[in-house]
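Read the following with the coordinates open.

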Amino acid sequence: MSSQSAPFDVAVIGAGVNGAGIAFDAALRGLRVVVLEQNDICSGTSAISSRLIHGGLRYLEYGEIPLVFESLRERILLRRIAAHLVKPIRICIPIYESARRGPLLIRLGMIAYDLLSVRKTVPVHDMLSRDEAIEAEPGLAAEGLRSEARYYDAQVTFAERLVLENLLAARSAGAEVHTYSSVTKINIERGAVSTLEFKDNITGEQKTIAASVVVNAAGPWVDQVLATTARVSPRLIGGTKGSHIVVGPFKGAPKDAFYVEAAADGRPFFIIPWNDQYLIGTTDIRYSGDLNEIRASREEVDYLLSETNRVFPAAQLGREDINYAYAGVRPLPHRQKGPESSITRRHIIRRNRKIARGLISIIGGKLTTYRSLAEQTVDRVGKTLGRRLPDCRTRDALLPGAYRLDEARTVLESLQGLSTKGVQRLLSIYGGRSIDIVELTQSEPSLGKAIDAGETILAAEVVFVIREEMARTLADIVHRRLMIGLAADQGRALYEIVAAIAAAEFAWSDEDRREQLESLRYYSASLRV
Ligand SMILES: Cc1cc2nc3c(=O)[nH]c(=O)nc-3n(C[C@H](O)[C@H](O)[C@H](O)COP(=O)(O)OP(=O)(O)OC[C@H]3O[C@@H](n4cnc5c(N)ncnc54)[C@H](O)[C@@H]3O)c2cc1C
């Protein structure tokens, strides 16, 4: 690829949820799109969230009514267009005597949340007495408990797959996607963006492409991308760090998700049943360190453990109970003063006209609102191009795995050697595209075997994600395609066997395979506390 080839209408920098959504929307409206991502798909902030598709009850406190309304509308849409990935989840808020937010305030919040969710597809909230709350969750701390509110939101267990499916859909609509491709320079000619230089981080090759519009969807790295223009730009991102810990089922663990006010600082945090484990988080701390080396600190881990032990006293969780932890930075708008929690969670689509025409940066944005953010961004791209684009179609466009779900279940259930748990697992990861995996086992029967004792993972999946889902490294396969890297043991028992299948498919040498295993193990270890 070189600057001699025909220019793209739009180059998207970053394959997180926002970049992926923008690429899909733009490609569906007939634009020539290229996506450049420095690592793998969904390897940034989009993979370190609380994985909720939610209205953001807490944002009501800060009067962000339009954001809550937009989020609740998107929750309904995502339940339909990504039905295999986005599921309803019940969330409980226990209200204690010492709480900053009393029953009346919580009740008002619940009513507002229900009202803002027009045509909702989940039940309305209910309020429980103290005794009803303890009967429903016997592990909950009873001392000082006054009552409990319960409401519904939605959860995307594998956000990685949501991002991937947007890019698969974008590719089907004609977009080009280049992973492990770091943008190193945005060139400007006569006041407008002209070309992008990028490096293939696997082959080391330097490449150049031409694009009429550049959308900088680099999340917390937005300012670093702008710096490649060599023009002065005001700081746009003032991120806050958020960490989560992941633990196994513990004594007294709840059946539902809990949203609890922390005793230490009054911030609400989540304890969420997730992927056969519990996802506990998050923290919210201003951050200006290295974006590529973010780890959950000892203080954050201890805070999350002690707050969980307070609400579920039988848990007695210690650091040794943590399977792994993850941390990242919210790409929020830069603001020098005020509490972290009050920084707006609304997204901003900023035209960087002072730097160059045709340059647009995305600030903020939630997992939940990626689709509407993409719609607004592509409308802006159309204006920048001076073209009247077709209307946005992503409200109704099912993501690839949301088709043929019933048929996929029937096909999987008839497969020899795949357990019931395996059927569930494949459906929750690939949805209707599981049918393509089964077809692969028919043309290559050796791939039809399960690779784990529980018969839940097919050998064919490894080959499928390499051929069809842009996986380029062993860590991509394990952590962001087959999702076994997010299991309690991070899938460690399967690394060798997955590496053997991948090596045959990629034609890796023994040394390549060893290096891939080493970097996979290094990555997994980096998530342990
Ligand atoms: C702790 C925490 C919890 C959260 N919980 C929720 C939640 O429960 N629900 C919700 O809706 N939202 C949640 N969010 C918000 C949400 O996760 C993020 O706002 C969203 O994922 C941001 O997506 P993005 O695509 O803008 O950024 P990212 O996902 O970070 O993507 C940006 C991409 O750009 C790439 N990139 C950077 N520089 C370059 C370059 N030079 N060249 C090429 N590529 C580059 C990066 O590698 C990265 O993959 C949470 C956020 C945090 C931090």
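Axes here are lines fitted to C-alpha atoms, for helices over the stretch in contact, and angles run from 0 to 180 degrees between N-to-C directions. The model is predicted: local features need pLDDT of at least 70, side-chain atom pairs count only at pLDDT 80 or more, and totals for chains, interfaces and linings use all residues. Residues are numbered from 1 along each chain as its sequence is written, and side-chain values use heavy atoms, with hydrogens and water left out.

Helices are DSSP runs (H or I, at least four residues), numbered from the N terminus. The axes of helix H10 (residues 420–430) and H12 come within 13 Å and cross at roughly 10°. H10 is therefore roughly parallel to H12, a term for angles under 35 degrees. Arg425, Leu426 and Tyr430 of H10 make the contact (heavy atoms within 4.5 Å) with Glu461, Phe464 and Val465 of H12.

The largest nonpolar core has 72 residues. Such a core is a set of buried Ala, Val, Leu, Ile, Met, Phe, Trp, Tyr and Cys residues joined through side-chain atoms within 4.5 Å, where buried means under 20% relative accessible area with a 1.4 Å probe, protein chains only. Helix H12 (residues 459–468) supplies the largest share of this core, 7 residues. Domain 2 (50–154 + 239–342) and domain 3 (403–526) both contribute residues, so the core lies between them; the domain bounds come from an automatic or database domain assignment. Leu474, Ile477 and Val498 have the most contacts inside this core. Leaving aside neighbours within four places in sequence, Val498 touches Ile451, Val462, Leu474, Ile477, Val478 and Ile484.

Note on methods
Buried means under 20% relative accessible area, exposed over 50%, partly exposed in between (1.4 Å probe, protein chains only). Helices (H or I, at least four residues) and strands (E, at least two) are DSSP runs, numbered from the N terminus. Angles under 35 degrees count as roughly parallel, over 145 as roughly antiparallel, 65 to 115 as roughly perpendicular and the rest as oblique.
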